There are 2 protein chains.
Amino acid sequence: MTEILDLVTGVLNGKRLALARLLTLVENNAPEGQVALDQLYTHTGHAHLIGVTGSPGAGKSSLVNQIALKMRQPSADRPALTLAVVAVDPTSPFTGGAVLGDRVRMRDLAGDPGIFIRSMATRGALGGLARATANVVQVLDAAGFDVIMVETVGAGQSEVDIARLAHTTLVIEAPGMGDDIQAIKAGILEIADILVINKADYPGLESTVRALRAMLELGHPTRHHDAQSASTPLWIPPVLQTVATRAEGISELVNAIDDHARHLRETGAWQIRDRIRLQSELESLIQTELTSQWRAKIPAGLYNQTLAELESRQISPLQAAKRLTQSHLVVLEE
Amino acid sequence: MTEILDLVTGVLNGKRLALARLLTLVENNAPEGQVALDQLYTHTGHAHLIGVTGSPGAGKSSLVNQIALKMRQPSADRPALTLAVVAVDPTSPFTGGAVLGDRVRMRDLAGDPGIFIRSMATRGALGGLARATANVVQVLDAAGFDVIMVETVGAGQSEVDIARLAHTTLVIEAPGMGDDIQAIKAGILEIADILVINKADYPGLESTVRALRAMLELGHPTRHHDAQSASTPLWIPPVLQTVATRAEGISELVNAIDDHARHLRETGAWQIRDRIRLQSELESLIQTELTSQWRAKIPAGLYNQTLAELESRQISPLQAAKRLTQSHLVVLEE
């Protein structure tokens, strides 16, 4: 217990080893990790959370590297920023994607004390990954990083959920992605604050720009992110072009990110997004808590018998669920 | 109420109009739909559930069409089968993917009373889509179809969840898919019972076959689907090649599907998969039920005050969740 409090102190004082060790505890869902999370939470709320998602093969990792390098430089409007990058790789452990990604990154970013990189791979359910990512981001926020970038691979709901952690969401595409992929992406476009077409030197740029703009226009009426601030100026997601491998278009992109942060703060949308994020984290924890309380109380005999009746088609799943949760109430009221 | 019972009777007697109307009620989560689900559930358990997933652009829809046409023919081992196809399209409503897919399908399959096609698009959360799909499958099972194919677009966790509904899961790829896409797929490969490389006339076939076989071999030790039946013969997922547009390789594929069904029945894995599916459906319903009971009881003042303390970083998300669920218990025990 004193050890975990030492780690917490270390994290708050910018010690990287303490940070790395605590993140491992938190990722593995260790009970000491939870103690630390409770302690650290009061120190959060400073960082600009940036979600990065988009099609596989769009060059997200290289672009995130370039953004990081650029943000480490002071601009006209702000000092140099410190950054943490969380690479969430919801692929199987055996692909080794996360490890490879790290190696590529190390080349450009290693040795800079203002940058911290963490790769996360699934260990089991993706729902668990979303929660683990939220916890890792919380620790990094408390550790004082100005910017935390969360990069996800892929196009599924889990990626959208993870991106939803963010104040600013970047969606990265590349020219010439098939129509099919773009269709999948439509859901992700709705959450984009900034759209980036990376590999802008590849053929097919024009038609991809056109397709994305068309989708953005279609998607626009359904944007609900900042519905609460309807009276404030609307953010129109810009469509930017970059070539990460040649560091082209990076200043414009980082400027757009800075603009978006300013827009969020000026309109009050920053706070609204924070609230939405915290509320959704709270509801997910409540669900887990209720289920585990229920599990501790439900008599095994009743559960197994109900499952048997369900399997033999005597009662429906909903009837089974109602019976099992009703009995829960009965037990509690005794 | 009598109307819904009429629909139920209609569905059980093979009336297509009743089936279509009831499915709409179920999809929209209408209360009458739930009454019908409870009634119909006792009539389920007959159908062979087949999940079809894989990379966008692999030609899943055409292949599903070809499988359906072939299954309508009797084979040496079995009579002609009746089929329902559920196309789950987790893209935004405005892409119109589902509608287009239907039109393509209608050309080949329309007018055959032994085939029923239903498209589902997201209307809100994908979690909701998984449940709606489970309910639609349940109705189609009760309606007496021999085979129900559930086709999903994409590679995310939601698709894996939907595929998990199935007795038999087909994963469809095409030659020349990028490494990135294959990495994403690694998670999906783990759930594949049969791997199909469609568009086998495209360049890059050899390397795709090699990559998939390598992944399968890596993935094999971690397969847990039938862990309960460790003593029974193992199913080694075959890697098949098809060209759906020219109807090539379809007999071999349908034979493999028939073989897998036989394997599941002979080893008892059929029942194990049924149980896993029903149990996971039950647990999800229990979670929903507990949360809605909790929501009905929690005093709004306490909830809002806790949320405010959470936002101002006075208490952590887990502390907030514990407080709100503890008070729930207090309320119940009063």
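Me: What makes up the confidence picture for chain A?
Reply: This is a predicted model. Chain A averages a pLDDT of 82, and 77% of its residues score at least 70. The pLDDT scale runs from 0 to 100. Among the elements of chain A, helix α5 (residues 97-109) has the lowest mean pLDDT, 51. Helix α10 (residues 250-267) of chain A has the highest, 96.

Me: Where does the pLDDT of chain A stay under 50?
Reply: Residues 221-229 of chain A are one such stretch. The model has 9 contacts for them beyond four places in sequence. Residues 330-334 of chain A are also below 50. That stretch has 7 contacts beyond near neighbours in sequence.

Me: What does the model score as a whole?
Reply: The ipTM is 0.83 and the pTM is 0.79.

Me: Why is strand β1 of chain B called mostly covered?
Reply: A residue is buried if 20 or more other C-beta atoms lie within 10 Å of its own. In β1(B), 7 of 7 residues are buried, so the strand is mostly covered. B:His48, B:Ile50, B:Val52 and B:Gly54 point one way. B:Leu49, B:Gly51 and B:Thr53 point the other way, and all are buried.

Me: How do you know that β1(B) pairs with β4(B)?
Reply: Pairing needs at least two bridges. Strand β1 (residues 48-54) and β4(B) have 5, so they pair, in the parallel sense. One bridge joins B:Gly51 to B:Val150 in β4(B).

Me: What makes β1(B) and β5(B) a pair?
Reply: The cut-off of at least two bridges applies again. β1(B) and strand β5 (residues 168-173) of chain B have 5 bridges, so they pair, also in the parallel sense. B:Ile50 has B:Thr168 as its bridge partner in β5(B).

Me: Which faces of β4(B) are covered?
Reply: Both are. B:Val147, B:Met149 and B:Glu151 are buried on one side. B:Ile148, B:Val150 and B:Thr152 are buried on the other. For strand β4 (residues 147-152) of chain B, that is 6 of 6 residues.

Me: Why is the span of helix α11 of chain B called close to the expected one?
Reply: The expected span is 1.5 Å times one less than the number of residues. Helix α11 (residues 269-297) has 29 residues, so 42 Å is expected. From first C-alpha to last, α11(B) reaches 42 Å.

Me: Which residues of α11(B) are buried?
Reply: Among them are B:Ala269, B:Arg273, B:Leu282, B:Leu285 and B:Trp294.

Conventions. Residues are numbered from 1 along each chain as its sequence is written. Chains are lettered from A and ligands numbered from 1 in the order in which they are written. This is a predicted model: local features need pLDDT of at least 70, side-chain atom pairs count only at pLDDT 80 or more; totals for chains, interfaces and linings use all residues. A residue is buried if 20 or more other C-beta atoms lie within 10 Å of its own, exposed if 12 or fewer, and partly exposed in between; C-beta atoms are placed from the backbone. Helices (H or I, at least four residues) and strands (E, at least two) are DSSP runs, numbered from the N terminus. pLDDT is the predictor's confidence in each residue, from 0 to 100. Two residues are in contact if their C-beta atoms, placed from the backbone, lie within 7 Å.
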